[in-house]
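Look at the model first, then read on.

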Amino acid sequence: MKKLHETIEKLSGSEAKSLLLGIMYRLESIEIEEDSQSRTVKELLSLSEELRDELQKETCYEVDRTAVHIISGESPAGSLRLGLSRDNQIIGFPNFFAEGPVWKIHTEEGRTIRYEWLRDHINYEIDYIEEEYRSRFLKTLAAIEAIPTNMPIILWTAENADEQVGLRYVLYLLREKKNDLYVINSTQAFQAIYTKEDAQFRVRHSGEVASDQFKEIYQTKLGNSLTNEVKEILQNEWLLLSEKEDVLRIWRNGSIQGVKEDHFDSMIIDTVRRLHAEDETAAFILAARVIGEILFQSEQLIGHNYLEYRIRYLVYNGTFEIKGIPKSMRHYRVKLRLKQH
C-alpha cells in the first residue's frame, strides 16, 4: 500500500485528473444502470486493479531509463528523442526563454505574469497560449520533479539566450536533487565533430542539430560533469536573472544580456527598406518575408513570433502602413509610411 501511495504521489496534476475522470465515468454508468451493490463493489475492485497496472507500467517505464535529458524547446526535444535510444527519457521545455518575462517564473506568480505577457503580445497561429501553454509548462515541471535520484541528468544548451537562460532555470529547479548532472553545449560539440566538414555552418541553437548528429554528439561523450561549485554559480545567476523585469534577452560575449523591447526594431525597418529597394514594384512586403530575411541574416537567435509582434507594434505606432489582417505573419504586408511634410 505504501508503494502504491508513493507511485500515485509522482503523478502530475493532468495525469491524476485523467485517471479520476475515467473512474467517474465508469462509476456513473454503474449508477445509471442501477445494478446491485455487489456489481458496484466488483467494478471498483476492477478499477483498482486497472489503476495498479497502469501505475506499474509507468513505474517500469521510468526504471528502464538510463538517463534523463532536458532541453529547451519541444521541437529540439523531438529530434533528440529520435536520435537517442529508447532508454533515454527526453523532457522538452515548451518555452523560448529569450523573450517574455522570466521574473520569478520558479513561482506561480512569476509564471502567471509570463503567461499573461505572452497572451497579450505574441500572436500564435492557434490558441496555444490559452489552451495548452500552462498545462504543458506544469507537466514539464512535474516531470522534472519526478526524476528518480539515481538517474543521471543531461542538460542540453547552446550559445544563445534561450538555452542559456533555460539551463540556469532548470538547474535552480533541480537544486534539491542529488543526481549526477552533465551539460552538453550543442554549439561547442557540433564544432568539435563537424567543423572540418562544414566550416561555414555554426549551430546557434540545439534545434539546428539533426537527430543523427544528436546521437553522435551524445555517444562521443562531449558532456561536462557539473561540480557543486559550478551548479551553485549557475543557480545564483538564475536568481539574479529572475529579479529582472526585461522581456528580451540576447547572448553576447558569453553572457546573457537584457536589452530593450525595441532592440530589433531598427533591423526590421532596415530590412523592409532594403526589400523595397530590391523590388520597387512591390508596394507592400509580406511580413513573413521580412521575418525570414532577419532570421537568415541575424547573428542573434530571435523568435519569429517576437519579430512579428514588433512588426505589429511598428504598424500601431505609424512607422509602417499595413495591408491585410495581422492574424499571422502570412496574412498581412507592410511598407514604410511616407513622412508627412
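About 30 Å³ of space lies in the second largest cavity. A cavity is a set of points on a 1 Å grid over the protein atoms alone where a 1.4 Å probe fits but cannot get out; lining residues have an atom within 4 Å of a point. A volume is the space filled by probe spheres set on the points, which are joined across faces, edges and corners.

This is a predicted model: local features need pLDDT of at least 70, side-chain atom pairs count only at pLDDT 80 or more, and totals for chains, interfaces and linings use all residues. Residues are numbered from 1 along each chain as its sequence is written, and side-chain values use heavy atoms, without hydrogens and water.

The whole structure holds 2 cavities of 30 Å³ or more. Their linings are sorted by class: Ala, Val, Leu, Ile, Met, Phe, Trp, Tyr, Cys and Pro are nonpolar, Asp, Glu, Lys and Arg charged, and the others, Gly among them, polar.

| Cavity | Volume | Lining by class |
|---|---|---|
| Largest | about 60 Å³ | 6 nonpolar, 2 polar, 1 charged residues |

Residues lining the second largest cavity include Phe96, Arg249 and Phe264. For the largest cavity, Trp156 and Glu163 are among them. α7 gives the most to that lining, with 4 residues. Helices (H or I, at least four residues) and strands (E, at least two) are DSSP runs, numbered from the N terminus.

Strands β6 and β7 run antiparallel, joined by 4 bridges; pairing needs at least two DSSP bridges. Tryptophan 251 has isoleucine 256 in β7 as its bridge partner.

Conventions
1 Å grid on protein atoms, 1.4 Å probe; cavity = no way out; pocket = protein on both sides within 12 Å on 5 of 7 lines; lining within 4 Å.
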